[in-house]
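Open the model in your viewer and keep the selection tool at hand. The stops below say what to select and what is there.

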Amino acid sequence: MSYPPKITVIAPHFRMVDDPRGTGTHSARLVLLEAFAALTVLADDQGHVHFRQQVEIDDTGDQSVDLLRKLTRPLTAETVLVGFRLDHVLASLMRVPRDSEHEAEAKNALLRLKLALNQAPIDAWWLASKPFLVLNAAAIQFGLPARWEEPVTVANPPVCRATLAARAQSMWAAIVADRMPAGDPRRRTFADFDRWRTTATQL
Amino acid sequence: MFRSNDMSPPTSLAVLDIETVAATTEDNSFPPWPTHRPVVASVLTADRRRYGQWQFELESVTFDDGRCAIERVSHLLERRTVIGFNTRGFDLPALAVEAMRHQHFDCAGLSLAWRANRYSGNHVDLLDVISSFGGARGANLAMLCAELGIPCKVDAHGSEVGEMMASGKADAVARYCESDTAATLCLAGMVLALRHNEPTYAGLVSQFGVWVRERGLKHLAAYQRLPSHAELDRLSLVGIVEEGIEALDHRLHLQWATNVPGASSVTKSAFSDIL
């Protein structure tokens, strides 16, 4: 498996919903997207990579359509989707509220999402039997905070943004480490990543 | 007249496999099927929920009490399409004989699957389907699974069941039977996707792998990721998105047709020349 030239890494945060059977626990399947970080990484012909990151939080409480539109904006037919439990991410995106004012827009966004599924997606959940360990290790290796076991809450937007951004970046690092063996000259992408991250932090 | 329900693949499945014991024959050939007594039956159910997501359950029933076991198996098969490999030629007739041995005649699930004709939608025998109803003979489950990269019969074989039961390894027989249902489900996902020309149906195999991992079923660990998992994962996600688009389309058409209160203003403007 080779490293793809264009990938969009999605780190989602979900609002949990009570189990409809009244068990007093959260439903394992019914989850609603509340925030996400999307890191798009594009490799050019010279072998350099370019990064673009967006973090979006739903502060309106009506979730989904706006987030869905923003999440799918960078996707094209060449994009390889990367995420953690992509099945949950996609299923939550399908739950566009009924009688929404923007259902036609939502449909366009879903068509864009389907287009991106022309390429085989990568789910970081399968990286190891204990994926948090792998993802935290990848984060530490690249000087990022290991934030996979930290709780996320949209009540504190700056922390939420920082956590999701760090998760998306560590997922990208883990995928690169997985897809490019040590010694691969393409690993110089990490230098581009460090440069981009320093600039992004300064900004 | 036979009517086939071939238009769409089943959305509620019960994959069935049984293990049996029988007295050995003089020439050591496979004993005639009516002499087989079921010892374990495994039923792996898969029900399609909203947005292309499948829900799985797996249960093995031991035949310590034959009557109760038949009742439980029949209950699990009820209101589902029964899927199996050579179930028309062995599993269902053997269960039917066992039910009659116990004078248990009130078992709707088993009865419906057993009497279903080979072209109906209530029972799909994969051996029948894949061999074009006997046109291409000579295949078995292990052979087909090997060709498709599906793990099958790695720990035991049906011929060892008698020995295993005699040495008190009923649990091992149940695990073996469960792994056969897992292999049959994976095969069914691929066969039915092709048969109904619905590629995303094969995503069922990917979702089953996720379920095995979530449940931590160690004896089925080989089914978490098949060699072809990249494409199966993709098909599973495409299935979710396609169902989402279909649901949105449906709602948009409803709004157009009825102009319900709260209908989308975007839709209204899009159809303003008609409404």
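The tour goes through the model's confidence, then chain A, then chain B.

**Before you start**

This is a predicted model, in which local features need pLDDT of at least 70, side-chain atom pairs count only at pLDDT 80 or more, and totals for chains, interfaces and linings use all residues. Residues are numbered from 1 along each chain as its sequence is written, while chains are lettered from A and ligands numbered from 1 in the order in which they are written.

**Stop 1: confidence**

Colour chain B by pLDDT, the predictor's confidence in each residue, from 0 to 100. The chain B average is 88, and 90% of the residues score at least 70. Where in chain B is confidence lowest, and where is it highest? The lowest mean, 50, belongs to helix 10 (residues 265-270) of chain B, and the highest, 97, to strand 4 of chain B. Helices (H or I, at least four residues) and strands (E, at least two) are DSSP runs, numbered from the N terminus. Next select residues 267-275 of chain B, where pLDDT stays under 50. For this stretch the model has ten contacts beyond four places in sequence; two residues are in contact if their C-beta atoms, placed from the backbone, lie within 7 Å. For the complex, the predictor gives an ipTM of 0.89 and a pTM of 0.88.

**Stop 2: chain A**

Select chain A, which has six helices and five strands. Followed from the N terminus, its elements run β-β-β-α-β-α-α-β-α-α-α. Of its 203 residues, 39% are buried. A residue is buried if 20 or more other C-beta atoms lie within 10 Å of its own, exposed if 12 or fewer, and partly exposed in between, with C-beta atoms placed from the backbone.

Now select strand 4 (residues 80-83) of chain A. Both of its faces are covered: Val80(A) and Val82(A) are buried on one side, Leu81(A) and Gly83(A) on the other. In a regular strand the side chains alternate between the two faces of the sheet. Strand 4 of chain A runs parallel to strand 5 (residues 122-123) of chain A, and two bridges join them. Two strands pair if DSSP finds at least two bridges between them.

**Stop 3**

Select the five strands of chain B that form an open sheet with mixed pairing, in the order 3-2-1-4-5. Strand 3 (54-62) and strand 5 (123-125) of chain B are at the edges with a single partner strand each, so one side of each has no neighbour in the sheet. From one strand to the next, the twist averages 20°.

Move to strand 1 of chain B. Eight of its ten residues are buried, so the strand is largely enclosed by the rest of the structure. Ten bridges join strand 1 to strand 2 of chain B, and these two run antiparallel; here Val15(B) has Leu44(B) as its bridge partner. Strand 1 also pairs with strand 4 of chain B, in the parallel sense over three bridges, with Ala14(B) opposite Val82(B). Strand 2 (residues 37-48) and strand 3 of chain B pair in the antiparallel sense over nine bridges, and Ala41(B) stands opposite Val61(B).

Beyond its neighbours within four places in sequence, its contacts include Pro10(B), Leu13(B) and His123(B).

**Stop 4: helix 5 of chain B**

Select residues 141-148 of chain B, which are helix 5; its buried residues are Leu141(B), Leu144(B) and Cys145(B). Seen down the helix axis, these fall within an arc of 100°, so they line one face of the helix; the arc is that of the directions from the helix axis to the C-beta atoms. An α-helix has 3.6 residues a turn, so residues three or four places apart point the same way. On the other side of helix 5 of chain B, Met143(B) and Glu147(B) are exposed. The buried residues of helix 5 pack against helix 4 (126-130) and helix 7 (170-195) of chain B.

Methods: Axes are lines fitted to C-alpha atoms, for helices over the stretch in contact, and angles run from 0 to 180 degrees between N-to-C directions.
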